[in-house]
Amino acid sequence: MTVLVVGGSGYLGAELARQGGAAGRDTAATFHTRPRDTPGVAWHRLDLRDPRDLERVLDATDPAAVINASSGDADWAVTAEGGMRLALAAARRGVRLVHVSTDAVFSGRRDTYDETCLPDPLTPYGAAKATAETAVRLLCADAVVARTSLILGDGRSGHERLVRGLATGTRRGVLFTDDVRCPVHVRDLAAALWELTRSDRTGVFHLAGPHAVSRHELGALIARRDGLDASRLTAGRRADTRLPGALRLVLDGGASRDALATRLRGAREFLTS
């Protein structure tokens, strides 16, 4: 079966496309600006804001399943409406949909959030993601909504590049001690999404690491892994700023981990092993 990775030129999407191609799966992927050079993957330009463009790509690839790994950040037309448009098209065509969502759909008012928790976002990005995942759950009965957290681990993520810049003095800034997430390795996350795509499982899954760490602790782990001086990372409190959004977002993914063969490692493991 052909699997279409929407957002294949992004950080997670590129790893999904790489794993699909490496496994010899019939994989197609979309890009908005430029395609990746991924062996075994057919690339198609897509603007999720354009319904005709989406239909063109779906006609060309005729996928049995779609993984929506696109990220338009807080752009409502891409993240919310684009996700809804894709859900409508998948439902109409009978295509299996695996929709990647985020911990930003939550406010952080709870200590932890399991798979049964309903969205209560604080930011435009969280609201856009919550709108898209709600549409997916209502329109596609056999779909998967996969919420995740910070994605990193191979050295190329934005957070890892930031930490290297701070530790080497080429960038200025602070890492917050009160901004807590559950980071997941990009390769683990992609493997779990492929497992879900090729299964008959449905519903909401939390695909995050089991370790809740602050941005500062995470930065120290990255710096040590890369042989850099972690003491050069300046600590601060996000609560002392005017930055919007939740401080502590801890995804409880115990039920999801029990259901999957893929193991999702925590940051304290994959950044030290």
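**Glutamate 160 and its chain**

Trainee: Is glutamate 160 buried or exposed?

Mentor: This is a predicted model, in which local features need pLDDT of at least 70, side-chain atom pairs count only at pLDDT 80 or more, and totals for chains, interfaces and linings use all residues. Residues are numbered from 1 along each chain as its sequence is written, and side-chain values use heavy atoms, with hydrogens and water left out. Buried means under 20% relative accessible area, exposed over 50% and partly exposed in between (1.4 Å probe, protein chains only). Glutamate 160 has 0% relative accessibility, so the residue counts as buried.

Trainee: Which side chain makes a polar contact with the side chain of glutamate 160?

Mentor: A polar contact is a pair of N or O atoms within 3.5 Å; within protein, one must be able to donate a hydrogen and the other to accept it, and residues adjacent in sequence count only if both atoms are side-chain atoms. At 2.5 Å, the partner of the glutamate 160 side chain is that of serine 157.

Trainee: Which residues does glutamate 160 touch, not counting those up to four places away in sequence?

Mentor: Contact means heavy atoms within 4.5 Å. On that basis, glutamate 160 touches Tyr11, Ile222 and Arg225, as well as Leu152, Gly153, Asp154 and Gly155.

Trainee: What percentage of contacts in the chain between residues at least 6 apart in sequence join residues at least 24 apart?

Mentor: The chain has 273 residues, and 53% of them count as buried. Among its contacts between residues at least 6 apart in sequence, the share joining residues at least 24 apart is 76%.
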